[in-house]
Amino acid sequence: MSFWIIKILSTTVGETGADFLAVNVGWGQGITDTVMGTLLATALLIQLCKSHYTPWIYWLTVVLVSVVGTQITDLLTDGLDVSLYLSTSVFALTLAAIFSIWYWLERTLSINKITTRRRELFYWAAILCTFALGTAAGDLATEALGLGFTWGVVSFGILIAITYTAWRLGANTVLTFWIAYILTRPFGASLGDLLTQANTYGGLGMGAMWTSILFFTVIAILVALAQFNANSKKTQAIK
């Protein structure tokens with residue numbers, strides 16, 4: 001359960017964090033893209049050098065992927081004036097291609113069987129694409145289609161609940177995992193917009209800074225607990 005809580009919080013931080021750095025801090029799109037891209041490359045390199053699951057570096061990488069995934073979609077939408085219909089379709093097709101090639105070469109998409117460097121590279125490529133897709137799909141639903149932030153949260157929340165129910169009833173574990181992973185992105189993005197946007201735009205007016213701080217604090221606490229548990233298990237195994 002903590003995995004999904006951190007995942008949803010990280011998706012929201014990706015949405016609010018990118019806005020905070022670009023707008024509130026005043027870095028602008030260019031500097032924000034460069035800094036976060038560099039941090040992601042560094043974190044991903046450290047992650048790939050790890051021979052075992054290390055919670056703090058894994059979730060740091062996920063948060064950075066979330067921010068960069070948001071920036072990619074924002075760059076296409078705001079910077080290059082690419083239609084959300086087009087970007088959503090392209091990201092969906094790209095993700096399908098990644099999964100197809102991954103399965104064709106490895107015969108599995110299970111995250112429990114990521115035991116080689118190639119599988120891990122496929123995994124992170126898929127993760128980045130799910131965040132970009134989720135951002136585009138979320139913006140498409142809440143803005144282009146006029147669903148609004150509140151109904152965006154409700155709609156994607158219902159889809160996640162349906163996916164969870166399907167899993168409980170015996171649906172394929174790998175399939176339902178990836179569907180949920182994709183859906184939590186637009187859910188988190190819609191939640192971030194709902195919390196940060198001004199009341200006149202249908203939001204609650206908390207602002208990007210306070211929302212980012214609140215969610216990042218909760219993420220840090222949960223990851224610290226996960227890291228403590230991982231260290232404890234490692235110590236017990238040595239004994």
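User: Before we start, what counts as a helix or a strand here?
Analyst: Helices (H or I, at least four residues) and strands (E, at least two) are DSSP runs, numbered from the N terminus. This is a predicted model, where local features need pLDDT of at least 70, side-chain atom pairs count only at pLDDT 80 or more, and totals for chains, interfaces and linings use all residues. Residues are numbered from 1 along each chain as its sequence is written, and side-chain values use heavy atoms, with hydrogens and water left out.

User: Okay, where is proline 55 found?
Analyst: In helix H3, which covers residues 55-79.

User: Is proline 55 buried or exposed?
Analyst: Buried, because its relative accessibility is 1%. Buried means under 20% relative accessible area, exposed over 50%, and partly exposed in between (1.4 Å probe, protein chains only).

User: What does proline 55 touch?
Analyst: Val223, Ala226, Gln227 and Ala230, leaving out residues up to four places away in sequence. Contact means heavy atoms within 4.5 Å. Proline 55 and alanine 230 are 175 residues apart in sequence, yet their C-alpha atoms are 7.8 Å apart in space.

User: New topic. How far apart are the end C-alpha atoms of H5?
Analyst: They are 39 Å apart. H5 runs over residues 117-144, and its 28 residues should span 40 Å at 1.5 Å a residue, so the two values agree. The expected span is 1.5 Å times one less than the number of residues.

User: Is H5 enclosed or open?
Analyst: Largely enclosed by the rest of the structure, because 20 of its 28 residues are buried.

User: What follows H5?
Analyst: Glycine 146, with a positive phi near 75°.

User: Now rings. How many aromatic pairs are there?
Analyst: A search of the whole structure finds 19. One of them joins phenylalanine 177 and tyrosine 181: the centres are 5.6 Å apart and the planes meet at 45°, so the pair is tilted. Rings of Phe, Tyr and Trp (its six-membered ring) pair if their centres lie within 6.5 Å; planes under 30 degrees apart count as stacked, over 60 as edge-to-face and the rest as tilted.

User: Why are phenylalanine 177 and tyrosine 181 about one helical turn apart?
Analyst: Because they are four residues apart in helix H7, residues 173-196. Tyrosine 181 is buried, with a relative accessible area of 0%.

User: Which tryptophan pairs with tyrosine 181?
Analyst: Tryptophan 178, in a tilted pair with 5.7 Å centre to centre and 50° between the planes. Tryptophan 178 is buried too, at 5% relative accessible area.

User: And what sits over the ring of tyrosine 181?
Analyst: The charged end of lysine 7, 4.2 Å from the ring centre. A charge sits over a ring if NZ of Lys or CZ of Arg is within 6 Å of the ring centre and within 35 degrees of the ring normal.
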